[in-house]
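Visitor: Could you guide me through reading the strands of a sheet, and then a contact between chains?

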Amino acid sequence: MTAPLLDVRGLKVAARLGDRAHPILKEVSFQIMPGEAYGLVGESGSGKSVTSLAVMGLLKKPLRVAGGEILFKGQDLLQLSKREMRRLRGNRVAMIFQEPMTALNPLSTVGRQIAEMFVLHQGKGWDEAQRLAVDALASVRVPNPDRRARNFPHQMSGGLRQRVMIAMALACNPDLLIADEPTTALDVTVQAEVLRLIKELCAERGTAVLFISHDLGVIASTCQRVGVMYSGCLVEENETQALFGDPRHEYTRGLLGALPRLGSRSQHGRQRLVDIDSIISDRSKLTETRFIAPRAAEGGQP
Amino acid sequence: MRFGFNFMLGATLTALVILAGILAPWIAPFDPVLDADLMNSELPPDATFWFGTDGQGRDVYSRILYGAQISLTVGIVSQVINSIIGVTLGMTAGYWGGWWDDLVNGLTNVMLAIPSLIFALAVMAVLGPGLPSLLIALGLTNWSWTCRIARSSTLSLKSQGYVQAAQTLGYGDLRIMFTQILPNMMGPILVMATLGMGSAVLSEAALSFLGLGIQPPFPSWGSMLTDARQLIQMAPWVAVFPGLAIFLSVLGFNLLGDGLRDSLDPHMRTRNP
């Protein structure tokens with residue numbers, strides 16, 4: 001078996017408020033193999049984004065890593081200096097965001113913004129970087145890359161901007177791409193294109209993807225393995241097929257049950273969606289071992 | 001971008017002052033310092049001396065043209081110094097936060113609590129009179145508003161998606177500040193600087209009036225007013241024309257700043273289509 005590209009071991013993140021440290025991530029462990037697409041699902045507040053930010057080393061106060069290791073190619077990211085970490089970001093590990101509308105600087109052309117990646121991480125001159133930027137735009141299938149490179153972000157649609165973001169993230173051929181709900185803000189047709197693009201580009205380049213989403217459909221269509229997060233814990237992890245076919249954990253079953261299925265209503269008459277009481281309950285009431293207990297299934301009885 | 005009437009008026013007045021300052025050596029009929037002739041002193045405006053002559057018989061019109069150079073230099077240089085200090089402190093304070101932010105905030109509050117003219121007087125008293133110390137004094141006094149605006153703009157820009165994206169793409173702090181934050185807050189900073197030019201011209205006039213600015217016999221609008229003080233009964237034109245010059249140029253700078261703000265602020269643009 002090859003060594004994992006990213007090996008997160010017992011990662012603990014805590015929020016320091018006053019003199020108490022509230023646990024946010026509790027011993028999260030998972031591995032991503034080189035070239036693999038790994039999905040993290042879970043509801044809002046379950047710790048998906050915190051996990052990705054911890055990997056990037058971009059946790060903001062009051063959040064901080066309280067324990068565990070994040071091994072990237074065998075190197076513990078938590079031990080790296082700020083400068084080494086910065087050199088890694090954008091170069092070996094890149095990230096794309098949910099909001100393509102705001103993720104680009106409105107005052108410079110997209111060509112320049114992509115070119116800056118080459119200048120910053122590969123020490124290229126501006127002229128060459130501009131040429132490479134046009135190539136990068138072409139590789140994410142932006143029509144007329146020459147002309148588009150001279151566009152400002154406001155002249156582009158949401159789908160195009162997300163492509164630009166992907167071009168920037170993949171500019172330096174990173175080993176790992178973290179996609180934090182990259183398609184949530186896009187409409188369904190564009191979503192499908194962007195997903196296919198990420199999938200194909202990463203397969204071509206052998207880039208591993210950490211895919212974060214609350215959309216099970218997106219995860220099912222893109223990832224080989226899936227981890228389900230709930231309340232700061234990785235509650236279940238399995239091959240995508242196995243997880244969707246045979247969910248083991250109560251919460252995973254709840255998630256899948258909450259998914260509307262096409263045609264289910266006409267087949268089985270009035271079938272209700274299974275409801276998982278939608279707010280994560282007060283964290284202080286959760287015990288060390290039972291995270292799902294204080295939730296009500298249906299009818300309100302816990 | 002649409003410009004309103006105020007902006008056009010402000011731009012015209014500012015352009016007039018700039019032209020007067022630049023072209024002074026060619027369009028001034030007399031030398032502002034050397035062409036003193038006591039025989040011609042305190043003449044009212046006529047065809048030779050358009051704005052009359054002062055107590056030493058120098059042409060007020062020529063002196064006002066040369067005075068524009070001083071006023072412009074003071075206005076522009078002091079605002080450049082102000083902006084550099086204010087933006088540097090405000091942007092780093094807003095971006096890094098923590099103890100540095102507290103320190104800069106404290107300093108800003110102290111500066112705001114001291115009347116700026118008094119502070120400038122103190123600096124001038126230490127450095128001695130003259131143009132360079134005038135520039136330093138005015139450059140050191142009015143950065144606190146710019147600093148506040150830079151800090152608050154940085155705080156709001158810091159949470160913008162592209163600043164966070166830049167962090168994940170491996171940009172260093174300084175690179176983020178200069179490529180992502182600074183260009184996006186240029187609008188308000190520019191407006192502040194333009195509005196500040198007006199008050200810098202006024203402060204220069206005040207300091208020269210008090211005898212701490214430009215030293216006689218060299219002309220500055222403020223020192224011309226000082227000289228005119230004793231003559232105001234007999235020869236009012238000696239005071240009126242420098243006063244008008246100060247008034248019009250400050251008005252011009254302020255209207256220009258206001259107009260810039262209106263055309264750079266998207267909210268204002270939608271309200272007055």
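Guide: In chain A, six strands form an open sheet of mixed pairing, in the order β6-β7-β8-β3-β9-β10; strands are DSSP runs of E with at least two residues, helices are runs of H or I with at least four, and both are numbered from the N terminus. Two strands pair if DSSP finds at least two bridges between them. This is a predicted model, in which local features need pLDDT of at least 70, side-chain atom pairs count only at pLDDT 80 or more, and totals for chains, interfaces and linings use all residues. Residues are numbered from 1 along each chain as its sequence is written, while chains are lettered from A and ligands numbered from 1 in the order in which they are written.

Visitor: Which elements give two or more residues to the side of chain A that touches chain B?

Guide: The contact, which counts residues whose C-beta atoms, placed from the backbone, lie within 7 Å, takes 20 residues from chain A and 13 residues from chain B. On the side of chain A, the elements that give two or more residues are α2 (82–88), β6 (93–96) and α3 (110–122), and α3(A) gives the most, with three residues.

Definitions and conventions:
Two residues are in contact if their C-beta atoms, placed from the backbone, lie within 7 Å.
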